[in-house]
Amino acid sequence: MPDSAVAPAPSDSLDNPLLQAWLTPFETPPFEQIAPQHFLPAFEQAFADHTAEIAAITNDPSAPDFANTITALERSGRLLNRVAAVFYDLVSADSNPALLEIDTEVSQRMARHWNPIMMNAALFGRIALLYGLRSKLELSAEQLRLLERTYTRFHRAGAGLDAKAKARMAAINERLAELGTAFSHHLLGDEQDWVMQLGEDDCAGLSDSFVAAAKAAAAERGLQGKAVVTLSRSSVEPFLKSSTRRDLREKVYKAFTARGNNGNANDNIAVISEILQLREETAKLLGFASFAEYRLEDSMAKTPQAVRGLLERVWKPARARALADRDALQQLVAEDGGNFKLAAWDWRYYAEKLRQRRANFDDAAIKPYLALDNMIDAAFDTATKLFGVKFSERKDVPVWHPDVRVWEVFDAAGTHKGLFYGDYFARPSKRSGAWMTSLRDQQKLDGVVAPLIINVCNFAKGNNGEPALLSPDDARTLFHEFGHGLHGMLSDVVYPSLSGTAVFTDFVELPSQLYEHWQEQPQVLRQFAKHYQTGEPLPDDLLQRFLAARKFNQGFATVEFVSSALLDLEFHTQPASAIGDIADFERRELEKIGMPEEIAMRHRPTQFGHIFSGDHYASGYYSYMWSEVMDADAFGAFEEAGDIFDSKVAKRLHDDIYAAGGARDPEVAYVAFRGRPPEPDALLRRRGLLDTPEAA
Ligand SMILES: [Zn+2]
């Protein structure tokens, strides 16, 4: 029967797997039964349930107490969490046109659902009353933290404003949701519209694996038998690094840095201006001078001044190093017989040449030793040595794509701790990048809930049944995402909203970036980096050259990152009226910091999805570096102990960082682990920038 002929029957929920109990191992989502048409009805049911739960808390005739207000809020919205977790996993990792269409509708419905809850005066009245009495309520440390976080969340969402201001905030939130979606759709549009076909003569310098990937990319676009460069970073960066054709490098570089800024229907300039104006208006409604002041109040950094202080401290030595490297690259151009001034599209190419010369190392040499399975084993074994957790693969847990693998996680005593899903390979239905997410978070409010944690990556599959071989960057990404994964798996809190990665944005990269350190330890590489054909361990000489090459080109990497972070901060500190034309503003700000013209920002404004496709990283792009100050310093604790798996240090790391979720103030947690606040020099040392002339 065609859909249009059937009215929704009352028994619909019986046919909707999202609304039923999951009779699968560990009550995981039964992916093979879930279809796109199940989502909208499930969301409607979930919104209705949640609204009723909130009304019951708000209208409770008894006096507010912790249990009937704060704990009750923690218990609310379970169905919504369950449906949304499955939905967003699929939209990001295995999407299709039907899901993307629903996505637009869901994001609008979400804003409309949450606005009246977060601005509910009666509910906020109950929370504020408890917050005022908090020292007299005899709460546990975690309960006190939960009360503070709940109050702060509602307060910062505008729950305490008058009716007129609230109405304006609600309108702004809906408009910002729309603008953020438009920003990402524009960017995606510009990326999808452009390809550069590679003819016979255009492949000079390119590796076989690059050409194979370029052919696969062409086939996906219906260009069978051809090869294309696309505007994804994973296509552009290796091309710029290896193509000997300077004219083609220029073409690709210019198209890549012009995304969202082509004066066509996908142009993001007007979108950015409106976003900045509305964010500033939000901040002012809430009593802040700028969006950055509003945003950073609820972070470890606390103020724009603190962020600027860190970025400028790193900027000076990084810029000095980059300028010295630029001169060396220019000399290489001359030695090569080139009669031109080094341009931005030449940097990666000549830097790679210089690296091969100085460190006598190129990535292709080590790849055969970095088979995906070996690196997964290395990541697991590191967790076993540090935290006692063990992993055992399960074949009976439903997954969203046949490539997804699942492991059961046990603690040292052999007790079930959760599940870990690894979705490692690139495919057209997956968005680019790598991330950690969850289908269910750890908590023990009403009995132990074991987490379901996901890592998604975009590694290239091996050809013809060969194992997938990772680049050094891929291997580092695997450890990074697994570090986030451990933050979710080891979480040991009572309340769901404090679970795992529910921490400040400038703290959340600590568990992930810290974990990267083990990936590059000789002890780990000697054990797990084995040749995929011969089983031979990584030769010592190659290992030493690999480690030496890691510090190479750090001036460039730091400059491209910090310039983006500084611009993000300026966008959200300066009055929107003073910013004016976005392109002019970008030029002025880069001139102010002395940006080397041979280096582009990692993200130019019209393609800066971190800060414009949503507000999570808005005036928060610095967070990676803030966390890096801590991770570089934190790994020092193991080095000082003389053992990268020292059990005492690992125990503190587990208790104070990985298991603590958001149940403690991050600064207090860090000091508990390290015995003192972090020392910023460790970051400069790790990036090899401590010995530059301006690094004092
Ligand atoms: Zn991360």
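This is a predicted model: local features need pLDDT of at least 70, side-chain atom pairs count only at pLDDT 80 or more; totals for chains, interfaces and linings use all residues.
User: Is the crossing of α6 and α7 left-handed or right-handed?
Analyst: Left-handed. In that convention the near helix is turned anticlockwise from the far one by less than a right angle, with clockwise being right-handed. Residues are numbered from 1 along each chain as its sequence is written, and side-chain values use heavy atoms, with hydrogens and water left out.

User: At what angle do the axes of α6 and α7 cross?
Analyst: Roughly 140°, with the axes of α6 (residues 121-132) and α7 (residues 141-156) coming within 10 Å. That makes α6 oblique to α7. The cut-offs are under 35 degrees for roughly parallel, over 145 for roughly antiparallel, 65 to 115 for roughly perpendicular, and oblique for the rest. Axes are lines fitted to C-alpha atoms, for helices over the stretch in contact, and angles run from 0 to 180 degrees between N-to-C directions. Helices here are DSSP runs (H or I, at least four residues), numbered from the N terminus.

User: Which residues of α6 and α7 make the contact?
Analyst: On α6 they are Leu123, Phe124, Ile127, Ala128, Leu130 and Tyr131, and on α7 Leu147, Glu148, Thr150, Tyr151, Phe154 and His155. Contact means heavy atoms within 4.5 Å. By class, this α6 and α7 contact has nine nonpolar residues, two polar and one charged. Nonpolar covers Ala, Val, Leu, Ile, Met, Phe, Trp, Tyr, Cys and Pro, charged covers Asp, Glu, Lys and Arg, and the others, Gly among them, are polar.

User: What's in the loop between α6 and α7?
Analyst: Glu138 is found there. Its phi is near 55°, a positive value in a residue other than glycine. Most residues other than glycine have a negative phi.

User: Is Glu138 buried or exposed?
Analyst: Glu138 is exposed, with a relative accessible area of 78%.

User: What about Phe26, where is that?
Analyst: Phe26 sits in the loop between α1 (12-15) and α2 (39-58). Phe26 has a positive phi too, near 60°, and is partly exposed at a relative accessible area of 26%.

User: How do α2 and α4 cross?
Analyst: The axes of α2 and α4 (residues 78-93) come within 8 Å and cross at roughly 150°. That makes α2 roughly antiparallel to α4. Their crossing is left-handed. Contact residues include Phe39, Phe43 and Phe47 of α2 and Leu80, Val83 and Phe87 of α4.

User: Switching to the metal, what coordinates the zinc ion?
Analyst: His480 (NE2), His484 (NE2) and Glu509 (OE), at 2.1 Å. Donors are N, O and S atoms within 2.8 Å of the metal (3.2 Å for Na, K and Ca), and water is not among the atoms, so sites may look incomplete. The spacing along the chain is H-x3-H-x24-E.

User: Where do His480 and Glu509 sit?
Analyst: His480 is in α18 (residues 472-489) and Glu509 is in the loop between α19 (505-508) and α20 (510-519), 29 residues apart. His480 and Glu509 are both buried.

User: Last one: what does Ala600 touch?
Analyst: Leaving aside neighbours within four places in sequence, Ala600 contacts Tyr253, Thr257, Glu560 and Met595. Ala600 lies in the loop between α25 (582-593) and α26 (609-612), and is buried, with a relative accessible area of 17%.

Key:
Helices (H or I, at least four residues) and strands (E, at least two) are DSSP runs, numbered from the N terminus. Buried means under 20% relative accessible area, exposed over 50%, partly exposed in between (1.4 Å probe, protein chains only).
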